[in-house]
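Take a look at the chain below.

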Amino acid sequence: MNKSIEAGNTSKRTFDKGTTRSYQNEKWFVRIALAPILLLFGVFAFLPIAWSLLLSFYDYSPLSNHAVFIGIRNYALLFQDAVFLKSLWVTFKFVGITVISNILITLVIASAIYAIRIQWLKNLFRTLFFLPAIAPLAGTSIVWTTILNYDSGLFNVILGQLHIAPVHWLSDPKYALLSVIMMTLWADIGYNIVLFIAGRDSIADMYYEAAILDGANRWHLFFFVTLPLLRRTMLFVTITTVISYFQAFPQFQIMTKGEPFNETRVLALNIYDQAFSNSNMGYASAMATIFLIIILIVTLIQFRLGRSSWEQ
């Protein structure tokens, strides 16, 4: 009896040692496998951020051999710069309008596509809506610039056929930002449509069956079953969309260049102009640092709100 107990304890210790050794080997494998990726991420993400933060304390131009340390002067000048304050306001307005519009439109379209029972037709619509998302944003911006042209653009041709006066889509302060928003939504909604469809696929049918037995109609199912169970997908979509739209640049650079009267000068375009058009790298780096802080704060707020909704 004692021999069998000792043999059992020995085999258990041997198993524990083998399990521990296997776990240690797996940890080393994961570390070695992730090392090149983390190294590249550090070189191309964290290092530029640190370098930009350092430059923000200098009066530096790539055309000069010397950089003068000026402390927080660049940051002080930012809040006296009317163009910077205007670009900050335009950025928040663009992000607010576009994100809300994107989520509402994609949620409705995704729900409509999911309701289609014919599989090949569902795949067709999903593909058609996703196609603009795979096109280069610069190319899409050029196409939309042509479509919105005052003299021969498609939109004004249609308005002419309806005996309506043509519109200066890209040069009128009332329509310039709206035109860029339309282009951005057309080019970008495909991603979120696919994500919402995937999120809807993950919801078990039993929730809908139980709600139907309780007398729920389609609106009840959507607002009291689908939306609550899509909270995680909604949080991911909202965070990624907000970050993406905060960094919007190609469409503004190609379609309007920040005009007219800086009505479409978002912060990313302002940073680019200061850095490469005005060769004021220190000032542009200070803008980029403020920009980074804003995105971090907005993202943390979204995470906090999302976590609060899960705990309810």
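## A buried threonine

Thr289 touches Ser52, Leu53, Ser56 and Tyr75, leaving aside residues up to four places away in sequence. This is a predicted model. Thr289 sits in helix 13, which covers residues 281-311. Its relative accessible area is 11%. Thr289 counts as buried because 11% is under 20%.

Nonpolar side chains tend to be buried together in soluble globular proteins. Here, the largest nonpolar core has 48 residues. Leu78, Phe94 and Phe252 have the most contacts inside this core. Several elements give it two or more residues, among them helix 2 (73-78), helix 7 (176-201), helix 10 (231-246) and helix 13. Helix 8 (205-213), helix 9 (218-229) and helix 12 (267-277) are also on that list. The largest share comes from helix 3, with 11 residues.

Leaving aside residues up to four places away in sequence, Phe252 touches Phe94, Leu177, Val180, Lys257, Gly258, Thr264, Val266 and Leu269. A second core is separate and has nine residues. Trp144, Leu148, Val167 and Ala187 are included in that second core.

Which residues make the nonpolar surface patch of about 690 Å²? They are Ile118, Trp120, Leu124, Phe125, Leu128, Leu131 and Ile134. Ile118 belongs to the loop between helix 3 (82-115) and helix 4. Its relative accessibility is 43%. Ile118 is therefore partly exposed, since that class lies between 20% and 50%.

Asn123 is in helix 4, which covers residues 119-134. Is Asn123 buried, partly exposed or exposed? Its relative accessible area is 29%, so Asn123 is partly exposed. Asn123 can also be placed relative to Ile113. The two are 10 residues apart in sequence. In space, their C-alpha atoms are 8.7 Å apart.

Arg73 lies in helix 2. Arg73 itself counts as exposed, because its relative accessibility is 51% and the class begins over 50%.

How many residues separate Arg73 and Met234 in sequence? The answer is 161. In space, these two residues are 40 Å apart, C-alpha to C-alpha.

Key
Residues numbered from 1 in each chain as written. Predicted model: local features only at pLDDT ≥ 70, side-chain atom pairs only at ≥ 80, totals over all residues. Heavy atoms only, no water. Helix = DSSP H or I, 4+ residues; strand = E, 2+ residues; numbered from the N terminus. Buried < 20%, exposed > 50% of the residue type's maximum accessible area, 1.4 Å probe, protein only. Patch = residues over 30% accessible without salt bridge, like charges linked within 9 Å, V, L, I, M, F, W, Y side chains within 5 Å. Areas by Shrake-Rupley, 256 points an atom, 1.4 Å probe, with all protein chains shown as cover. Salt bridge = Lys/Arg side-chain N within 4 Å of Asp/Glu carboxyl O. Contact = heavy atoms within 4.5 Å. Core = buried A, V, L, I, M, F, W, Y, C linked by side-chain atoms within 4.5 Å.
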